[in-house]
Amino acid sequence: MTFTAVPLTLYPDMFPGPLGHSMAGRALESGTWHCAPVQIRDFATDKHRTVDDTPAGGGAGMVLKADVLAAAIDHAAAVHPGLPILAMTPRGAPVTQARVRRLATGPGAIILCGRFEGFDERIFAARPIEEVSMGDIILSGGEMAALLLLDACIRLLPGVMGASASGDDESFEQGLLEYPHYTRPVSWEGHDIPDVLRSGDHKKIATWRRERAACDTKARRPDLWAAYVAARDGR
């Protein structure tokens with residue numbers, strides 16, 4: 001099964017963008033995933049190909065029109081049936097690594113990329129769209145967020161990473177931040193690699209890594225640590 005990414009965007013030339021390079025680029029060339037961007041403006045019906053209008057009730061900026069968005073979504077869903085539809089918006093639920101894994105095991109996604117002040121809210125009542133966010137930040141448009149989401153998915157596709165277990169210990173995979181890494185030289189500017197990592201004792205190394213992951217998560221991300229403890233304790 002080929003993972004198919006269908007960005008709905010006013011800037012289709014932004015795709016695959018950086019995903020055409022490195023691991024994702026090789027996977028694209030090999031057919032592991034496919035990128036099929038759709039130009040939202042193609043579904044405008046007036047001579048000016050208008051995709052936005054002023055916000056109801058007044059205010060700054062412009063809003064993407066529901067009728068144009070719906071036509072673009074319906075087209076993409078007809079050409080790529082069975083794909084979930086996501087909209088990149090700061091009003092959406094934060095994306096988690098667990099959600100990324102579920103997406104990566106599926107057929108792909110239709111990803112609606114916002115611009116201006118966002119979407120006419122009625123589109124979410126009229127179509128089965130999952131609103132998602134890549135964090136508490138505001139971007140110029142949803143394209144960069146979509147690229148980030150797709151990168152997170154593509155690297156998990158079979159054969160994209162060099163080793164099948166290479167992502168198992170990474171941050172968020174086990175509910176914790178990843179333990180710190182070191183490499184040669186052993187001593188650098190007065191900082192040494194921890195002795196345990198040079199001991200050759202794999203059991204001690206594994207214990208140290210678990211403890212550091214827990215300690216760093218507790219110190220740096222107390223929210224993540226609280227969620228991890230609650231899940232561990234079955235609360």
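Residues are numbered from 1 along each chain as its sequence is written, and side-chain values use heavy atoms, with hydrogens and water left out. Since the model is predicted, local features need pLDDT of at least 70 and side-chain atom pairs count only at pLDDT 80 or more, while totals for chains, interfaces and linings use all residues.

Strands here are DSSP runs of E, at least two residues, and helices are runs of H or I, at least four, numbered from the N terminus. In a regular strand the side chains alternate between the two faces of the sheet. In β7, one side carries G108, I110 and L112 and the other A109, I111 and C113, with both faces covered.

As for partners, β7 runs parallel to β1 (residues 3-9), joined by 5 bridges; strands pair if DSSP finds at least two bridges between them. P7 sits opposite I111 of β7. Strand β6 (residues 85-94) also pairs with β7 in the parallel sense, over 4 bridges, and here M88 stands opposite C113.

I111 turns up again in the largest nonpolar core, which has 29 residues; together with W33, L149 and L150, I111 touches the most other members. A nonpolar core is a set of buried Ala, Val, Leu, Ile, Met, Phe, Trp, Tyr and Cys residues joined through side-chain atoms within 4.5 Å. Helix α5 gives the most to this core, with 8 residues. Leaving aside residues up to four places away in sequence, I111 touches V6, P7, L8, L86, M88, A146, L149 and L150 (contact: heavy atoms within 4.5 Å). Another core, of 24 residues, lies apart from it and includes A72, A87, F119 and I129.

There are 2 aromatic pairs in the structure. In one of them, F119 and F124 have ring centres 5.7 Å apart and planes at 90°, so the pair is edge-to-face (Phe, Tyr and Trp rings, the six-membered one for Trp, pair with centres within 6.5 Å; planes under 30 degrees apart are stacked, over 60 edge-to-face, the rest tilted). F119 is buried at 11% relative accessibility, and F124 is buried at 15%.

Finally, helix α7 (residues 222-232) buries L224, W225 and V229. These buried residues fall within an arc of 135° seen down the axis, so they line one face of the helix; the arc is taken over directions from the helix axis to the C-beta atoms. They pack against α6 (202-220). After α7 comes G234, with a positive phi near 70°.

Methods:
Buried means under 20% relative accessible area, exposed over 50%, partly exposed in between (1.4 Å probe, protein chains only).
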